[in-house]
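Please look over the sequence and the structure below before reading on. The notes that come after them are grouped by topic.

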Amino acid sequence: MSRRYLIPQEGAFYKANMHCHSTFSDGAFTPAELKKIYQSRGYSIIAYTDHCIYKHHAELSDDNFLAVAGLEAETSEPDTTEGGFDRVKTYHFNLIDTDPDYRKEEKEHLIQPNDWYYGIDEINEYIEKVRALGFLTVYNHPYWSLHTYDDYKDLKNLWAMEIFNYGCEQEGSYGCAPQCYDELLRIYNGKKLFCVAGDDNHNGVSLDSPDSDSFGAFTMIKAKSLTYRAVMDAFRNGDFYTSMGPQIKELYTENGAVYVKTSPVKKISLITEGRRVYQKIAAEGECIEEAVFKLLGKEGYIRVDCTDEKGFHAASNAYRIEEIRICNVSSLQKVCADSSLLKKQINRGTALKGERFSYQAALSFAGEETDTIEVSLRIESALLPYCKVYRVGSVPARFTAYKDRRDADYLSFKEGLFPDILYPVQIENGSPGSFILSTEYCETLWIEINVPPSADAGIYDIRLYAECKDRALQTRSTFSLRIADEVLEQDDFKYTQWLHLDCLADYYGDDIFSENHWKRIDEFIKTASENGVSVLLTPVFTPPLDTDLTGSRKIVQLVDVEKTEGAYRFSFERFHRYASLAKKHGIKYLEIGHLYTQWGAQYPCDVQAYVNGKKMLIFGKKTSQVPETYEDFLAAFLPRLIEEIEKAGFKDRAFFHVSDEPDICDAEAYRGAKDTVKKHIGNYPVLDALSDYEFIKKGIAEIPAAAIDKIAPFIEHEVKPLWGYYCCAQASKVSNRFLAMPSWRNRIIGFLLYKFGIDGFLHWGYNFYYTQYSKRLVDPFVQTDAGGAFPAGDPFSVYPGKDGPIESIRLKVFYEALQDRRFLKQMEKKLGKDRIIKTAEDYFGGVIDFEHYPRGEKFLLNMRDYLL
């Protein structure tokens, strides 16, 4: 590989004091006096950084000296200790002006941050504001500021941090902060962050005093000339190093090695992103002036530190060595553009035979500059025949959370991109193909292993190899999956996500019940069943869901109706075709669509019929039929429907809906509608989403599906059967699947369903691709919030791909929740339910319910290891 100079050969070194105070704030010398003093000691540059005062001393610059404009901005925490400023945490930032003529008047009246610090977001907003004015921000003396990791880990858009501050060192050894620099570099995860050194001189004592705060820390800048533009170019490029005394004369990489040349020193160290440090140490009584360090290609960043005989240090900036990285994380991580993954890395997991297990491999390209490479991938594992691979794609979310109904457990409240869509990747000869990797974000693979029930118990490695032949870069990762000697049992849990047939027709541009439409219906049922759906919404008539009082949805009824004088005739051909698709894909139950309108059963659902050879609406909100007429219709229709359900092979395996989410004020209307239906369906149960316990108390509801934030009284009174549901309204404290929520919050529902013995779960949005009230079609790849009506992720869990449904992370993770429930039911036979609940609640440290449960992924990922 060719030689790459980390500190450029071109130009000259200029010695700079990057932190200096004059009489404009609390310094003893005028700017002109400081120029004279520092020039006499070999300095060519001073950054004048007076406290909270912006000045550009352009009159001091000449061919041999450059005055850099800037200031030191500061903000402190309120004094709550009564210990005075000595005990108060404070933030100081040097602001280096890259172009004093740009927006000059605004800079001269620069608003300081608030005197008192009230939050890191406020500081980051200030940094962003001054960056827009052309300032580079330096984070100063973290130890003197009394900072811990938590105080600086969330700082954004820093240009550099002060690794040496001589004034702080003179005050009490608070000036050297290499550990902080390394921690920030790891947080910045490939983004550039430089280090500078300065005196922070105030000159309160004479210059020849041992307590003097001048001439102890400086920055050596390699610039093409001593001009403002050339020096600022060097700043932006990182063409400098810092020192207390030693010199770094040359620094370059060549043929996989780092070459360092210095002034005489006792030790030269090459520090890396990990634990590995390369060192060359001089023999007793000798010094060294160069070192060569062979790289392994896994160092991440590198930076040089050298120490002379006096113990003084010189430090280079950190440089990113080109490498391909693979970081394995759980299926419960959402890998966003700014995710820091090292602390979240996992390389092992446990699954039962017959279980689906997933993890993610986040691939990135680390390099010094913005760049891309093409890598080829290969998987090796005895489990390869059972592997599926998906590329994780991100989708936009504008409406992430309600302003008045949210909690701390969201990834973000701001609109942005969130990982969710899973694009299938074909595996050929162990290879999922090639991918373009960028230095600017991760490319994430979702790796799914469908463990066969016949698999042998044991530990199986899944090795993922990545190689870029153009640059001789390669790496691999290993994930170890332990397959327990236990087969995951099936059970009869009821789970539905509502399939909207009109959305399929409208999105794909198909005529209702055309062959293309049937093809889509088949594909979407198959995907639903593969992800745990066991109950299928069956629109014998068009479901009256999500419409306003004046609206209606496209007719998608499966049963043809012909009205003749005094009688109705029915054709169930489409119903049987639909039921056969359900049966083919393993659906266990049919869920007959709502026979009355949503939110109170005020009107019949839309029913279209042939009347005198013409199609027309005979029932619905827009018709004038009296209730008795609809009752007569149901009396004719429902007994026939029961016959056809049983002919289709679903005898005793169907639920009927009356009205969705009625309010208690509609109790009597709902009671009347339900009683009408029950007359004609025998022992087939009525299931509806209703969350007011009064429906049970008054003996109105048969099987309630209660919203999980209102389910407590149903559980307290031991209502059985009992289903649960969530939708857009369940946005605070409880489990849900919104895009802006972490995935563990989606998956915890499995444990909760188990603990409280919930019999079924309902969600309204499998593929709702409309705006609110079904008024307009949306592009679900762009609008994930029904046009701003519901938090993103609520309306659907599958995307309409060109070749069929595309699954989502949210769909997959909910299936993992269903597997958790099955696993816990299975372990109950061995351990007893009390022991399982006690184990979980001991881990949690309290009683678990739908609003109080373990946060984070650890409990869920280790559940099998705890109990097996």
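What follows is a briefing on a sheet, a hairpin, the cavities and some backbone features. The model is predicted.

- Strand 21 and strand 29 (residues 473-487) run parallel and are joined by five bridges.
- Opposite Lys 353 stands Val 487 in strand 29.

**The hairpin of strands 42 and 43**

- Strand 42 and strand 43 form a hairpin, with two residues between them.
- Strand 42 (residues 798-801) runs antiparallel to strand 43 (residues 804-807), and four bridges join them.
- Tyr 799 has Ile 806 in strand 43 as its bridge partner.
- In a regular strand, side chains alternate between the two faces of the sheet.
- In strand 42, Val 798 and Pro 800 point one way, while Tyr 799 and Gly 801 point the other way. All four of these residues are buried.

**Cavities**

- The largest cavity has a volume of about 100 Å³.
- Among the residues lining the largest cavity are Leu 185, Lys 191, Lys 192, Phe 194, Tyr 301, Arg 320 and Glu 368.
- The lining of the largest cavity divides into six nonpolar, two polar and four charged residues.

**Backbone features in loops**

- The peptide bond from Lys 720 to Pro 721 is cis, with omega near -10°. Pro 721 lies in the loop between helix 14 (712-716) and strand 40 (723-725).
- Asn 255 is not a glycine, yet has a positive phi of about 50°. Asn 255 sits in the loop between strand 12 (248-254) and strand 13 (257-265), and is partly exposed, with a relative accessible area of 46%.
- Asp 652 is not a glycine either, and has a positive phi of about 60°. The loop that holds Asp 652 is between helix 11 (627-647) and strand 37 (654-656). With a relative accessible area of 57%, Asp 652 is exposed.

Technical notes
Residues are numbered from 1 along each chain as its sequence is written. This is a predicted model: local features need pLDDT of at least 70, side-chain atom pairs count only at pLDDT 80 or more; totals for chains, interfaces and linings use all residues. Side-chain values use heavy atoms; hydrogens and water are left out. Two strands pair if DSSP finds at least two bridges between them. On a 1 Å grid over the protein atoms alone, a cavity is a set of points where a 1.4 Å probe fits but cannot get out, and a pocket is an open set with protein on both sides within 12 Å along at least five of seven lines; lining residues have an atom within 4 Å of a point. Grid points are joined across faces, edges and corners, and a volume is the space filled by probe spheres set on the points. Ala, Val, Leu, Ile, Met, Phe, Trp, Tyr, Cys and Pro count as nonpolar, Asp, Glu, Lys and Arg as charged, and the others, Gly among them, as polar. Buried means under 20% relative accessible area, exposed over 50%, partly exposed in between (1.4 Å probe, protein chains only).
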